[in-house]
Amino acid sequence: MYGNDFTAPDGPRPAPEAGGAEPASFLAVLADGGRIEPRDEMPEAYRRSLVRQIAQHAHSEIIGMQPEGNWIARAPSLRRKGILMAKVQDEAGHGLYLYAAAETLGVDRADLLDQLHDGRQKYSSIFNYPTLTWADMGAIGWLVDGAAIVNQVPLCRCSFGPYARAMVRVCKEESFHQRQGFEILHTLSHGTPAQRAMAQDAVDRYWWPSLMMFGPSDTGPDAATGHTAQSMAWGIKRFSNDELRQRFIDMTVPQAEALGLTLPDPELRWNDERGHYDHGPIDFTELFDVIKGNGPCNQERMAHRVGAHEDGAWVRDAAAAYAAKREQEAVA
Amino acid sequence: MTPRTTSTHVDYVLGLADDALVSAQRMGWWISRAPQLEEDLALANIGLDLLGQARSLLSHAGRLEGEGRDEDDLAYWRDERDFRNVKLVERPQEDFGVAMARLLVLSTWQSELYAALQRSSDPVLAAVAAKASKEVAYHHDHARQWVLRLGDGTDESHARMQAALDAEWPWITELFDESHLDPSLVTEGVAVAPESLREPVLRRLGDVVREATLEVPEVAPRVPGGRAGLHTEHLGRLLAEMQHLTRSHPGATW
């Protein structure tokens, strides 16, 4: 998933989602491969797990506006500026779809935002990395959105109907963004030597963090402490972290070749026997540091988000007061 | 770089293009900083519309000029003394009330301007105006709704909205300034006489302000000059940020 649903081995664990009977109607829908809808019976733990996952996905969309928003003012051509503004606008839209999907589970968007703002809910680790050059707009589109798509396409078949339907719309737009990112890098890698160096540097910085978006390995010392087994039983998650990561690598390596850029992993090579690319070990220490709040931009991202929310309080209050006055007039 | 005292056809189109471009740049600041998610979307949308208008107008200005300059040459490789936008649009707008006051003024003026410009003898200008008319009608509606909500919301929002109007009003007069416009552009039917927009724009603005329980500010107008490339100190920094990357890589394509 897009929002991290895993924790550092020594970090605070999300509350266990145990308990709650699994009604026969619920089990029948799952067995049948059908969709659970908001009015259907569902275990309380299923509901809470989905609220957490969808909310953290929504939070990732809105925090994800910041690293790209950082370059809107400086985009190097008017066409690129327009594309970037449209993309960040799409991300706000994805946030809206996802909060709406979460609200069908009986929670309130304002409350979910409060949980983001005070750190009870998380967002994707990847948005704690800085965007240092224009080429980062390409690397984010190609690698980060590419990883998000691999994570999210299976969610289009997730057992909860509103989430699955939101993901169908989100994935269409994400695919478009991913192609735009590829095109930015393609232009740079075929441009001046300075542009080419900028593109390679961005890919070097974003490659490993993109692989970490899939979460810790399913086996070994870094095995996920999250909810994979339960999520798979409930039809929320369809594939393991490592399966999705492998799919992403297999998809991305030939694209890097098409770009004429290298990926910063000397052990990356095709394995005929497995029918997959082998890759070097991933150092998850960095991921765990980032999700504990010690990434390069965690504090800036939260300060920006909380600052916007606080600065806008008087505006939201005014809109509510104005609406109340109009309602009163309508009654009178 | 000797700014001309009277405007040519190219300068006239550039003025309108720069109004839209600089406004889009200021609007882009809000994306991820709006009071609510719906507003992030709306402001990005409005910024994109304005950027689209700027691109069409800059491309047209480049073709009229006939020196092979495209939209990016004109946006990124002119200095502040060559920008022709009104000073209204270049000042920072990092308060939501100011942003909505600004958008109300700009969209009211643009809607009157583009309505008239659809009859321009310059067919490209007429076509751009026809498309932009639909967009600025939406911008105006959005700004009007917010000015009403803020003006007639809480005591705090009322005071902040009034302060925002007071800050924007001195810059409105420049929209109607004719001192840098070659009168032949109006007689030939290319341009809309700026002065002709004064009455309808001020009337419509006054209607919204009063409906919002606010007062039309009575303030002295600021000296015009943007159309002649005489700007506030804000524009230089805006352009430094906007143009920096492009200028660091001369000859590159993006």
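Which residues is B:Glu90 in contact with, leaving aside its neighbours within four places in sequence? The legends below begin with that site.

Figure 1. B:Glu90 lies in the loop between helix H3 (71–76) and helix H4 (96–117) of chain B; helices are DSSP runs of H or I, at least four residues, numbered from the N terminus. Beyond neighbours within four places in sequence, its contacts (heavy atoms within 4.5 Å) are B:Val22, B:Arg26, B:Asn85, B:His231, B:Thr232, B:His234, B:Leu235 and B:Leu238.

**Figure 2. Polar and charged partners of B:Glu90.** The residue B:Glu90 is buried (under 20% relative accessible area, 1.4 Å probe, protein chains only). B:Glu90 has no salt bridge (a side-chain nitrogen of Lys or Arg within 4 Å of a carboxyl oxygen of Asp or Glu), and the nearest side chain of opposite charge, B:Lys87, is 6.7 Å away. The side chains of B:Glu90 and B:Thr232 are joined by a polar contact of 2.6 Å (a pair of N or O atoms within 3.5 Å; within protein, one must be able to donate a hydrogen and the other to accept it, and residues adjacent in sequence count only if both atoms are side-chain atoms).

**Figure 3. Contact between chain A and chain B.** Chain A contributes 45 residues and chain B 46 residues. Between the two chains there are 3 salt bridges. A:Arg109 and B:Glu38 meet through their side chains in a salt bridge (2.4 Å, N to O).

Residues are numbered from 1 along each chain as its sequence is written, and chains are lettered from A and ligands numbered from 1 in the order in which they are written. In this predicted model, local features need pLDDT of at least 70, side-chain atom pairs count only at pLDDT 80 or more, and totals for chains, interfaces and linings use all residues, while side-chain values use heavy atoms, with hydrogens and water left out.

Key:
Helices (H or I, at least four residues) and strands (E, at least two) are DSSP runs, numbered from the N terminus. Buried means under 20% relative accessible area, exposed over 50%, partly exposed in between (1.4 Å probe, protein chains only). Lys and Arg count as positive and Asp and Glu as negative; His and the chain ends are not counted.
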